[in-house]
Amino acid sequence: MAATVEERGILLDGAWVETGSWLEVRSPYSGELVGRVARAGAGEARRAIDAAERAMREPLPAHKRAEILVRVAAGLGRRHEEVARTIAAEAGKPLAAARIETRRAMSTYTMAAVEARKLAGEMVPMDASQAGEGKLAFTLRVPVGVVAAITPFNFPLNLVAHKLAPALAAGCAVVLKPASQTPLSALLLAELEIDAGLPPGWLNVLAGPSAELGDVLVEDPRVRLLTFTGSGEVGWKLRERAPRKRVTLELGNATPAIVDAQADVALAAELLAANAFSFAGQSCISVQRIYVERSIYEEFLAHLLPRVEALRLGDPLDEETDVGPVIDAAARERIMAWIDEARAGGAEILTGGELEDGLLRPTVIANAAPDLKVSCEEVFGPVCTVTPFDSLTEAIGLANGTRYGLQAGIFTGSLAAALRAARELEFGGVTVNEAPTFRADQMPYGGVKDSGNTREGPAYAVRELTEERLVVIAG
Ligand code: NAP
């Protein structure tokens, strides 16, 4: 039995509202009903924007915003286990990973509180030209306006936190649409914000048909910034449809890791095995493509494969489980089809490649041609490829051979190789002797190429969420 079976209204203008119809939330593991959430439509979306716009007419001072953010972090601490169990129940994320996500959300709020207190413009040196002599000028950082946020299922708490916390730090009211599969964690976080003293209208949370709600959020001119985390397929289309808004996109990746002959092979295998299969590979920076220098290829596999085979599949609410389900049957079938395509294309399945009690077994694929989907598209499942290389030039070329560019990693004992990889890997972030899945919430996080157009992490997100307003004072 899932820990949280509940019915929740959506949050509109400070009130929990029922709409007369419900969205069902089911466990991706057992299919059992985890909760019901009131289903919103276009009317509720417009009311949410009304409420957000009204709220922003009475700005909250920075110290109050910071205090609320600190209290949300404390609330997450107090209700830590309940929050983690909600994530595990609705997303199918193993409990250990759900607890880590909850701690990360606490850190996201704590850091956003710091940003709220530091938010300031800068002096402009007016006597730098003759025209400015005798004048004083500075910039104010003003909130961009009402923010619409759309979030994915895979980090149903912390990716919502990465939208809500910096927006409040920046002084923006938000209309949030979480993923339909995982609205409960978002609504629980909203409850913590209300309990922390957030006045009505500053946060509104909708659940319901994405296209209908998305249309209102995209088309309503009062929404000044649309912030989206999810697939490129949806994200880039939303951006095209909103040319007059600021649209920030955090999208997918086909994450590469390079292991050269100077690397600590055991460490690389340990970290890459853990980070290719955590949450069944459903992280935007899950390790997917591993390139290993030919002279250590067999040694690397000898370390990697036993670790992968030791991962325990099962119920995400079971403390022993390492790998749970993918989000739904459609995802499972797509991933199996990609594995079958690799098999038919001459690749070798070293382990996995099949279902065990309905769950995808962690799968390692060798000799996968570069044009196979598993080699260049985002699998978003418990699958990685391993490929030998003969030179760093070749490895970097293979790693860059994708339309994505979120994070990449290199394991090496050579400083020169590390620095070269940092310069030449076309990604938003490069890790050295750490899995490319590593993220801490203070980092500037985001992609290049098809992976996105922004950086998140409270300190970076508040730059997007504010405008610089110039003030010139004649002397
Ligand atoms: P998705 O299918 O793109 O869904 C993301 C969000 O967009 C959901 O809330 C979804 O709502 C909504 N949506 C779908 N169609 C829409 C439309 N026409 N208008 C407005 N909203 C719409 O992505 P996902 O499957 O949840 O997440 C997986 C993807 O997210 C992967 O590609 C992953 O790499 C990426 N991701 C990126 C990051 C990052 O920080 N870069 C982090 C995590 C995940 P419904 O659920 O109601 O359909």
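This is a predicted model: local features need pLDDT of at least 70, side-chain atom pairs count only at pLDDT 80 or more; totals for chains, interfaces and linings use all residues.
Residues are numbered from 1 along each chain as its sequence is written. Local features need pLDDT of at least 70, side-chain atom pairs count only at pLDDT 80 or more, and totals for chains, interfaces and linings use all residues, while side-chain values use heavy atoms, without hydrogens or water.

**The ligand site**

The table lists polar contacts (pairs of N or O atoms within 3.5 Å).

| Protein atom | Ligand atom | Distance |
|---|---|---|
| Serine 231, side-chain N or O | oxygen | 2.6 Å |
| Leucine 251, backbone N or O | nitrogen | 2.7 Å |
| Alanine 179, backbone N or O | oxygen | 3.5 Å |

**Two helix pairs**

Helices here are DSSP runs (H or I, at least four residues), numbered from the N terminus. Helix 4 (residues 95-118) packs against helix 5 (residues 158-170) at about 15°, with axes 9 Å apart. That makes helix 4 roughly parallel to helix 5, a word kept for angles under 35 degrees. Contact means heavy atoms within 4.5 Å, and among the residues that meet are Tyr109 in helix 4 and His162 in helix 5.

Helix 9 (residues 265-277) and helix 10 (residues 297-309) have axes that come within 9 Å and cross at roughly 40°.

Key. Axes are lines fitted to C-alpha atoms, for helices over the stretch in contact, and angles run from 0 to 180 degrees between N-to-C directions. Angles under 35 degrees count as roughly parallel, over 145 as roughly antiparallel, 65 to 115 as roughly perpendicular and the rest as oblique. A polar contact is a pair of N or O atoms within 3.5 Å; within protein, one must be able to donate a hydrogen and the other to accept it, and residues adjacent in sequence count only if both atoms are side-chain atoms.
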